[in-house]
Amino acid sequence: MTDTTQSEMTDNDQEKTIYDELPDAPPKKTLKLTWTGKLGVVVVAFWVIMAVIGPWVAPYDQAEILDMDSYLPPGAEIDGGGTHWLGSDKNERDILSRIMWGARMTVGISFIATLLAYMLGVTAGIAAAVKKGWTDMILSRINDAILSLPTIMLGLLIVVALGSSIPILIFTAAVIYASSVYRIARAYGQEIMVMDYVESAQARGETIWWIIFREVLPNAAMPLATDFGLRLVFVVLFISSLSFLGLGIQPPNADWGSMVRGNLEAMQFAEGFGAWAPIWPALAIASFTIAINLIVDDISAKSGGDLAKKMI
Amino acid sequence: MQRMVFQRILIGIVTLWVVSVLVFLMTNALPGDVAQIVLGQSATPESLAAYRAERGLDQPLLFQYFGWLGDMLTGNLGTSKAGGATISSLIAGRLGNTMFLAALVAVISVPLSVALGLLAAMYPGTWIDRALTFGTLALISVPDFFIATFAVLFLAVNLGWLPAIANVAPENTFWEMARGIAMPLIVLVIVVAAQMIRMTRAGILNVMNSPYIEMAILKGVRRKRIILRHAFFNTIGPIVNVIALNLAYLVSGVVIVETIFSYPGLAKLMIDGVQTRDLPLVQACAMIFCGTYVVLIILADVAAILANPRLRNPK
Amino acid sequence: MTEIKNKLPTVANLSATDRETIETGLRRGANRREVMSWLIAAGASIAAAGSIVTSAGEALAATPKKGGRIKFASDLHGPSDTLDPGLNTSTIDYTRGRSFYNSLCQINDDLSTRPELAEEFSANADNSEWTFKIRKDVKFHDGSPLTADDVIYSMSRHYGEKSTSTAKTLVADVKEWKKVDSHTVKAIMQGPNADLPVILGTPQFKIIKDGTTEFQTANGTGPFTLKEFSPGVRSIGVRNKHYWREGANVDEIEITAITDKVARTSALLSGDIDLMQALDPKAIKKVEGTSGVGVWSVASGAYFGICAMTHTAPGNNPDFVKALQYIQRRKKIIKSVLKGQGTVGNDNPINVAYGADHCADMVVKEHDLDKAKFHLKKSGVTVAELNVAEVAPGITDTCLLAQREAKKIGLDLQIKKVPNDGYWGAVWMKTPLNVVSWNMRPSANVMLNLAFAPDAPWNDTLWKNERFGKMLVEVRGVTDAAKRAEMYCEMQKMISEGTDEFPGSGMIIPAHRNYVDGKSDKVEGISRMPLGSLGGYEWPEFCWRTDA
């Protein structure tokens, strides 16, 4: 194992001794980003900024029908000056502009919904693991019921019954994904509750909240963080699967998932690079979600990763 | 242990009941009923009334629910309110298809992803780990309908290697079946493996932080050995949980893959059921999905307990 | 399309539209020289034109081959699939209906009728009494012979309180179905109606066995017998060996659906299916450029449009409706949304496809923002919400186009996308602004009677014009062609334009769409009847495989 990044990281950590992380207390964490993590931060920052300023810097309005043709290839000229830098979509709109506008929808909705799902899921999951008994029983049954039904069907039921508006989409995604978070949070909570340091804390007579905040949460944080990254991806994909069923974001608003869905046909029959119409928004989704997960990886690599490195 | 499994089965039955109530309430909250959907644009108030009377939809809701529950308990799934076929005939073939595909995907994806997850965890921060991270993230971040459509266009239309639609009719030969199921199989393995790889890696790295692993490291035990002998077993709980959820997804959630490949499975059937407000059909599917989920979760919990002695006798 | 350079073109190399022009010409009796002169005028060389005309003639004259199997994919199926003809509402149901059952009368490509299970039919002098003589040599799939009782039973299912028929309004003016003898029935009408035979040719009026209440086996008289029926999966029909006329050419048909349009087109391109319903017009170029597959496009009177309900705001304001009509970019919709596979609409449901009943002397409303602005200002409306479901391909895109134009005249037209399921029950005719799609009907009278008569249950905009309703009944008894045309013209003007006193119907109909479907080049013998997909669902009995 003579990978350069590896040795570099090991060097950085050399001043620490292994005794820093001995069993008494949860290990202290200072976040240092690797180059991939830094890349992640740059990309996420880019999209977050785009979410704020996108509508002002985009060359065209997201709903502007430019009357040229659908699925023009990147670089096609627009009458009256201007260029389709990423080509045009099925309704003769500018794809680049729609991706810029769509950042707000996709980044915004996925962040808010995932955070909400985490607040719900982690609270309930940890509570169930710590309190056990009836609390666990009731929370787990409700949770099982939600979790055992397919997400897309739950989405369909809620969105069709309540109508497809942005707050409802966020709420739907949050409730659905809270249930998966709950299971993971509870599983880790249970694992940790039987760990030595928690047992010793209980023996010392610490209150349950002390145990949750000082022992359980910090230790469950890492796997939950990994899951956060995945969950965020799933929220983005969930909203786009709703667009597969004809629900989801209301037109003409742009969101990346429904841009992929709406222009999917281009891969079948558009000519030349016009066929890339669904690929650009897919790349936007991929860049955003991969970047999030790269950051998450660095956060989670902190504790376990440090130790692993020492073993080489 | 046996008591625990028995308890969990009882709990599972409660869950099934909760689901049936939930599904009943939610389906009834949807705009329009089965008569309006079936008669569609051609509905008139009289024909709607006649349709409802013919299919027993004019009875009070509670009556309908308990009627269904009673039939269900005696093993009668009822008939579709939309088409009039029996639910069991609608489900029979599709259940087999769904389980067949899910089992195949599981057999390939579970060992593959646990192995790759372990590999990544053994060498965190190396190029292997990075490549796996990028690869899995790239695959899960693309919508499945994109992967599926791309696969059809490339493998079926351009190259002509595989059929564009998943032919699994009973009269087909083994070879035709294999060719027909190849594409949904590939797409689903890609979709589920990525998540399992990531969770396995994260779970193991998390356990590497525990005191007893530190002790083992201090004692000079080799890294591979630590991961395979100690860390892995202690991560089994969370990992089997993720696997169980993914398997449940394979049974109930693969609507898009079923739609694009025209693979007659249960997930699409349930969506069709919801879209036609065909309550007995939706309920039957919900019961199957929930039952599968309950069984998988019990199995996951049993595995977790077997793997972690400390969970066996929680204090 | 490079192969064209190497050999002389045949009719198969032409675009669907060109092919249709030539074949229609030949069918109508244009001679070889005439067709060649069109082609040469259009820029073809004499040799090429000759080659094309020869191949077109061959395609028309070729004798069907027997045998083989055809796989057809529709766009929609599910648990609501039914073999009960009275409940049929979807293309896949109609296609199954044509495979397993027969009607009394059959509709020709030009919307005239020919006898089917009725070996002859005739009316009394004023078309108020129709007599159908039923064939004596017809057997149901279970072996029992067809009699007048079966016909009476089949018809009785469209009447009465307990009827769930989706077509009962079409035959509501038949007072009584009377059995004359074992093989003769009589329909006694409330008033004259020359359209009865053509109505009986539409999908719901299939003849079933007397007393049938269970439809899982499809015991009809049709060209195929049912081998398998799995709702939402597939149906298989096997050639009926005891069919009463020549019968189907292929041995077996499989009827299925692929709901995703891209996947459906892929399956056609890859050769996994032979026929597909609802080809996206945007994919036409790709399909035509792929060897082995082609497009089947039939111009029709089918339309989609925006309904502004006339009983409530904003649609009760005729100026608002006029503003919406003037912002329509009708030609652009044909060009961009329908890719040429349609004809411009003039807010009038009756287009040229209905022949003489179409009113030709109305001027099509051009896209005119000044007029639109004028009417919008007069109406005082600034915001409106339009409920849209993709009930016909292209309708959402059409509404998005309208939204952009509306913005230019200062109207905030908010589009609310709603799911297709539940649309007809919860949104259509219930919200102030919504969308609708209609298939073509066998006659102008039937169409107007269904959706515009003041008492029609499906009057899209709840438009109540009593004079219109009276004329609609009256015109059925008019035999003088000029008088009839004049009346129809006036009625269409009432719908499209209205007068100050009696406003128009509130319908905005920017386009009539063709039925655009896809087929393998190996399948021939598909009709061009314009009432539905793939030549009005008539193909199962008549199509054949060139490679059989």
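In chain C, helices α9(C) and α11(C) run roughly antiparallel to each other, because their angle is over the 145-degree cut-off. Keep in mind that this is a predicted model.

- Helix α9 covers residues 318-326 of chain C and helix α11 covers residues 369-379; they pack at an angle of about 155 degrees, and their axes are 8 Å apart.
- The crossing of α9(C) past α11(C) is left-handed.
- On the α9(C) side, the contact is made by C:Asp319, C:Phe320, C:Lys322, C:Ala323 and C:Tyr326.
- On the α11(C) side, look for C:Lys371, C:Ala372, C:His375, C:Leu376, C:Lys378 and C:Ser379.
- Sorted by class, this contact has five nonpolar, two polar and four charged residues.

**Chain B**
- Of the 315 residues in chain B, 55% are buried.
- Take the chain B contacts between residues at least 6 apart in sequence: 72% of them join residues at least 24 apart.

**The largest nonpolar core**
- This core holds 352 residues, and the ones touching the most other members are A:Leu156, A:Ala173, B:Ala148, B:Val152, B:Cys285 and C:Val435.
- Leaving out residues up to four places away in sequence, A:Ala173 touches A:Ala113, A:Val235, A:Phe238 and A:Ile239.

Note on methods
Residues numbered from 1 in each chain as written. Chains lettered and ligands numbered in written order. Predicted model: local features only at pLDDT ≥ 70, side-chain atom pairs only at ≥ 80, totals over all residues. Core = buried A, V, L, I, M, F, W, Y, C linked by C-beta atoms within 7 Å. Buried ≥ 20, exposed ≤ 12 C-beta atoms within 10 Å, placed from the backbone. Contact = placed C-beta atoms within 7 Å. Axes fitted to C-alpha atoms, helices over the stretch in contact; angles between N-to-C directions. Helix = DSSP H or I, 4+ residues; strand = E, 2+ residues; numbered from the N terminus. Parallel < 35°, antiparallel > 145°, perpendicular 65-115°, else oblique. Left-handed = near helix turned anticlockwise from the far one by under 90°. Nonpolar A, V, L, I, M, F, W, Y, C, P; charged D, E, K, R; others polar.
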